[in-house]
Every structure is written in C-alpha cells, then in structure tokens.
Amino acid sequence: MAGRFLKLIAIKAFTMSTIYAQVVNINVNAEKPIGEMKPFWAFFGYDEPNYTTRENGKKLLKELQQLSPVPVYVRAHNLLTSKGNSPGPDLKWGFTDAYKEDANGRPVYNWKTVDSIVDTYINLGMKPLMEIGFMPKDLSSKPEPYEHYWNKGGELWTGWTAPPKDYDKWRELVYQWVKHSVERYGKKEVQSWLWEVWNEPDIPYWSGTFEEYCKLYDFAADGLKKACPECTIGGPHTTSPRNEKGYKYLTGFIEHCLKGKNYATGKTGTPLQYIGFHAKGAPELINGKVTMNMGAQLEDIRRGFEAINSYPELKNIPVIIGECDPEGCAACSEKREPKYAYRNGTMYSSYTAASFARIYELIDQQNINLKGAVSWSFQFED
C-alpha cells in the first residue's frame, strides 16, 4: 500500500551570465510515514447519464479506470428521471424512463436504459455510487411542468424535484430497482455498490420540506434493505457545510437517522452507513482574470468533518464528499460564466492536485475515515 512521507525540500539558485537556472533537490524521508495514501480520488460524477453509453463517454470512463489501482466509483444524476417532453439529453439533464404508470395507475418498470448505463460501469470494472433520483413524472406530486429548459433560459427546478405523490409506490420503486440489480449482476456485486437518496436536498434540487426529505430517505432505505439487507446506503449529500443552512441540514439529517422516528417503519432510527456532503470552491473573475478560492472548498470539508465528529456514534464511519470541486456549477461552460475559464487549461488539474494534498492533511487532523471525494469533472461532446 502506498504511503505518505515527510518531504524535505532544498532549493538553490544561481546566475550564469544572462542565464538563470534553478536547481531543486527533493529528499523524501521514507523512514517517517505520515499515513496510508488511500485513493479517495477514485470517484467521478456527472449530471447527464445518457452520455455514459456514447463513444466519448465509454472512452473517458475506460481511461479513468485504467489510471486507477482500485475500482473507480461513478455517481450520476437523473437515473430515475422521465424524458417528458424533452428533445434529448442536455447540459444538466438526462433521463431513463424507468417508471411509468398505466391507465389504472399501476406501476410499469423499464430498466433498459438504466441497465445500459450500469452495464457500462460493470464491464469496465467500475462501481456505481447509485443515486436514487430524480422523481419520475408519473410519481411526481407536481408533474407539470416536468422537464427543465434551463439551457434555453427557462426554469430549472420543475416537476422532477417534487416529492412523490405516493410514498409506498416510491418504496416499491426502489425495492424493484435493487431486486432487479441483484438478479442481473449478482448479490456479491451489488453489495459492493454505494447507494444514496437524491442530491443536495437542502437547495431546490428538492422542492419538498426537510421532513419530507427524511420521509423520502426512510422509505427508500426500507425498500433497498428489503431487497438487499447487505447493501450500503448513506447521505444526505447536502451542499457546503461552511454555510449555516447546509450545516444545519446535514446535522439535522444525522439526528433524524440516529434518534428520529422512521417514517417508513415507525421505529427509532434509519440506516445510515456513510455520511455524504459536498464541498465547493469559489472562483471569481477580477479585472478579466480568473482568481481561484481553494479556501472555501477546504472550509466546507473542515466543517463537514467537524459535524461528523460531533457525534460519538459516528466514530470511523465512512465519509464521501459527493462533489468535491473548484466551483459550484461543475462542468458548466466558460461561455455561460467566464470565471470557469480555469477548466480550459492546466489550472484545473493543478488546483485539484493541490486541494487533494490538503484534504489528506484534514483527514489526519480530524481523524476521519474518508472513503471518497467525487470530482464532478466529466466533459462530453457538444
């Protein structure tokens, strides 16, 4: 297993005529290990699941897995979203049409598109960080308007963000999905996956209340555990805990899972097998120049770790930074926001490497079991 070691660096500079040269000597003290170098970076994600099976999607996924000494986990949005009237996949949009209802209101499940996405991962030796969401149109309590037209200047938070009209049908949808996955891929394989419920419910990705999100999670967890008791579920994948709203939502959800009444079972507590939250930087365009802000991202992580450590019951629980990025609109275009120009050069890679080095330091300081940090970094055709 790779280790992390103390680096002793000496720098010498001298001038020869008009030539300036710099000699750098790097000495690594291999007798003083800092800790295990866990590959928490082997996690990647994106909004648009339909691009997974296209040529460039498969090419990129393959390259990521070939670079990694361990299986890469992949997190994608919109795995239960309906197509609605959308002409096709677009930036921040995708669909699978996994759930519909017939004329009598009976569920009809169609796993064809979901399977094609998951098959791609499995065939490459990857693992899903399976996001249970978003709300299918026929199950949405507010189905109209459903699909968003954000890329054309329209509304983003539409019917796909709404709570289910029937929580028992929501639980059954999750049960059927997990049951189908076990039948298709085998229990041993599915047990190695990670599951979550929704994305960033503390902002308008979820148009319900906090209590309704806890209910959504409870019913989903109940359905998952009935199909696969050994499967791993966690969350809540909320936004920046450096902000009071995100911090309060994260800790409120933890309180609910540890001590609250389970909406699905009536018992105390809900399965919570890992903690997920998101951390983002804050670049700005100042006098035409992009200025990065790693401090914001690291403060998110520090505060998230502190929140988890405030609960003795969570000691050594796996932690996943479900989106760990230099800015909030990850994978958005420079054409939309000029401050995202850092994505078009080496600033992106160097920033990410520098931030991950400091995340290792935060792990040591806070004694956190960080399992993964998801880079929302895919770039697709068009």
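Which two cysteines form a disulfide here, and how far apart are their sulfur atoms? Okay, hi everyone, let's start with that one. The pair is Cys-228 and Cys-231, and their sulfur atoms sit 2.3 Å apart. Keep in mind that we're looking at a predicted model.

So how confident was the predictor? The mean pLDDT of the protein is 92, and 94% of its residues reach 70 or more. There is a stretch to watch out for, though: over residues 7–19 the pLDDT stays under 50. The model still has 22 contacts for that stretch, counting those beyond four places in sequence. Where pLDDT is low, the predicted coordinates should not be read in detail.

The disulfide count comes to one. If you look along the S-S bond joining Cys-228 and Cys-231, you get 85 degrees about it, and the link is right-handed. Both of these cysteines are buried.

Let's move on to the helices. How do helix 3 and helix 5 cross? Helix 3 covers residues 167–185 and helix 5 covers residues 210–227; their axes come within 7 Å and cross at roughly 40 degrees. Because of that angle, helix 3 is oblique to helix 5. The crossing is right-handed. If you want to find the contact on screen, look on helix 3 for residues including Tyr-167, Trp-170, Val-174 and Val-178. On the helix 5 side, the residues making the contact include Leu-216, Phe-219, Ala-220 and Leu-224.

While we're on helix 3, have a look at His-180, which is found there. Is His-180 buried or exposed? It's buried, because its relative accessible area is 18% and the cut-off is under 20%. Leaving out residues up to four places away in sequence, His-180 touches Trp-111 and Asp-115.

That takes us to Asp-115, which is in helix 2, residues 112–123. Asp-115 has a relative accessible area of 8%, so this one is buried as well. Which residues does Asp-115 touch, again not counting those up to four places away in sequence? You'll find His-180, plus Arg-184 and Tyr-185.

Last stop: Arg-303, in helix 7, which runs over residues 294–309. With a relative accessible area of 17%, Arg-303 is buried, because that falls under the 20% cut-off. Now try this one on screen: Arg-303 and Pro-241 are 62 residues apart in sequence, but C-alpha to C-alpha they are 5.9 Å apart in space. Setting aside neighbours within four places in sequence, Arg-303 is in contact with Pro-241, Arg-242, Glu-244 and Tyr-247.

Definitions and conventions. Residues are numbered from 1 along each chain as its sequence is written. This is a predicted model: local features need pLDDT of at least 70, side-chain atom pairs count only at pLDDT 80 or more; totals for chains, interfaces and linings use all residues. Side-chain values use heavy atoms; hydrogens and water are left out. A disulfide is a pair of cysteine sulfur atoms within 2.5 Å. Buried means under 20% relative accessible area, exposed over 50%, partly exposed in between (1.4 Å probe, protein chains only). pLDDT is the predictor's confidence in each residue, from 0 to 100. Contact means heavy atoms within 4.5 Å. Axes are lines fitted to C-alpha atoms, for helices over the stretch in contact, and angles run from 0 to 180 degrees between N-to-C directions. Helices (H or I, at least four residues) and strands (E, at least two) are DSSP runs, numbered from the N terminus. Angles under 35 degrees count as roughly parallel, over 145 as roughly antiparallel, 65 to 115 as roughly perpendicular and the rest as oblique. A crossing is left-handed if the near helix is turned anticlockwise from the far one by less than a right angle, and right-handed if clockwise.
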